[in-house]
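Let's walk through this structure together, starting with its aromatic rings and ending at its surface.

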Amino acid sequence: MSAAHDDHHHGPAKGLSRWLFTTNHKDIGTLYLWFSFAMFLLGGSFAMVIRAELFQPGLQLVEPNFFNQMTTMHGLIMVFGAVMPAFVGLANWMIPMMIGAPDMALPRMNNWSFWILPFAFAMLSSTLLMDAGAPNFGWTFYAPLSTTYAPETVTFFIFAVHIMGASSIMGAINIIATVLNMRAPGMTLMKMPLFVWTWLITAYLLIAVMPVLAGVVTMMLFDIHFGTSFFNAAGGGDPVLFQHVFWFFGHPEVYIMILPAFGVISAIIPTFARKRLFGYDSMVYATASIAFLSFIVWAHHMFTVGMPIAGELFFMYATMLIAVPTGVKVFNWVATMFRGSMTFETPMLFAIAFVVLFTMGGFTGLMLAITPADFQYHDTYFVVAHFHYVLVPGAVFSIMAATYYWLPKWTGHMYDERLGKLHFWLSFIGVNILFFPQHFLGLAGMPRRIPDYALQFADFNWISSIGGFLFGASQLILLVVVIKCIKGGKKATAQVWDGAKGLEWTVASPAPYHTFTTPPNPDLIEAP
């Protein structure tokens, strides 16, 4: 059922009002995806400023304060404006179709939860044009830097965070209500596609932690405007309390950004390996375990604040433990590919890159989990390298993989495979040239969030910036591919992913096991 098919009940689509008032899950999914892509380009342009400044030692292009505004805005917009809304867009588009529901459970709320986002981010971005300047205290907005010493635009930032949080909570309630109440007859929970499972679990994480974020920014608001001292030691408060409350939100948040990615990859790899997913049940349990453990590891971001040794040991072991279910997933993806009849269309290339590079990010995370080692790595570029390996080839690549995988379903047209592969290879090469050298910078002691640096760091920074410009520029290819695909191209068949090789398109097939909706013709499958 294509998006075009759904327009009949709008009468003649009335341009703007169709998009403004739509309650159609596909329209809303499309709005989320376009919005997140716009934010991706905006947040990316801030990163380009950062990499341009760091291209060589010394202060070239921007004032240190503006550099700090760029790091803050880049982080906030990428996390809350690009990655999260993109996954919500994918959920809106695909979950009703995957579970056989006519739409989301709460369509009006769905519309509202999207339309408050552009206002939140317009408000946040507008601080760049104000006299006081944008927030300059980093995306983690540690107090007292974000309370006692913050520019007055911090109030706009707090309001924007509240709005984003409200949007996330509404989206999560909608997903839970849809999945629990609107599955087609016969679709038990353990027959749902893994993308639906990962999003169901993610939705519970969102509902658990978004109020914590709202709480911490409200405490900031009171410290700034109403004379309280939650985070002010002079008034009997504790700056470290801020870190505890923030990271109790922040650590589950990073899993909110990666669990839906696991669902996407678990849909794509079986398709192009032409095998059912290896270990479906263990994937569901692993996802649930990761979600549970994500709540008890928050202070591994805070090993250097002077915790009791028992606390450091607990958070070290808990953090190492979370690597186990994550490793189970990687093992299952590799086992799915093993001896499959693999082909390497663009979605599969992004998926394989995801598995390899996300695993690398996982290993550096394991290094950071070791408390005494973290004393050395903390606040260096090693941490930047680690979380960007998890978030860019992790979350962002999976969003791109999903886009290529589902574009034919969304538009009714095949995308340009040559351009798709070009986009993949430039992104893959760019992202590694960009972030791999940062591991060495961090191990050599280069601190994060500093616009100038010592001469010995010059070579790796030069290489890293070149990679950044390559990765940034190559994202424009994605824009071209998507627009070309919407406008036309080869008609997508019912067997989008290569009917000639007997592979049916599995997206809405009732169970994760039905990789083939019809038995393949063995004569047409290429011999290994």
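Are Phe80 and Phe249 buried or exposed? Phe80 is buried, and Phe249 is buried as well; buried means under 20% relative accessible area, exposed over 50%, and partly exposed in between, with a 1.4 Å probe and protein chains only. Please keep in mind that this is a predicted model, where local features need pLDDT of at least 70, side-chain atom pairs count only at pLDDT 80 or more, and totals for chains, interfaces and linings use all residues. Residues are numbered from 1 along each chain as its sequence is written, and side-chain values use heavy atoms, leaving out hydrogens and water.

Now look at the rings. Rings of Phe, Tyr and Trp (its six-membered ring) pair if their centres lie within 6.5 Å, and planes under 30 degrees apart count as stacked, over 60 as edge-to-face and the rest as tilted. By this rule there are 45 aromatic pairs. Phe80 and Phe249 have ring centres 6.3 Å apart and planes at 15°, so they are stacked. Phe80 lies in helix α3 (residues 64-99) and Phe249 in helix α7 (residues 239-256), so their pair ties together parts 169 residues apart in sequence. Helices here are DSSP runs (H or I, at least four residues), numbered from the N terminus.

Trp139 and Trp247 make an edge-to-face pair, 6.3 Å centre to centre with 90° between the planes. Both Trp139 and Trp247 are buried. Ring pairs link these residues into a cluster whose members include Phe80, Trp139, Trp247 and Phe249.

Finally, turn to helix α15, where you will find Ile466. Ile466 is partly exposed, with a relative accessible area of 37%.

Terms used. Helix = DSSP H or I, 4+ residues; strand = E, 2+ residues; numbered from the N terminus.
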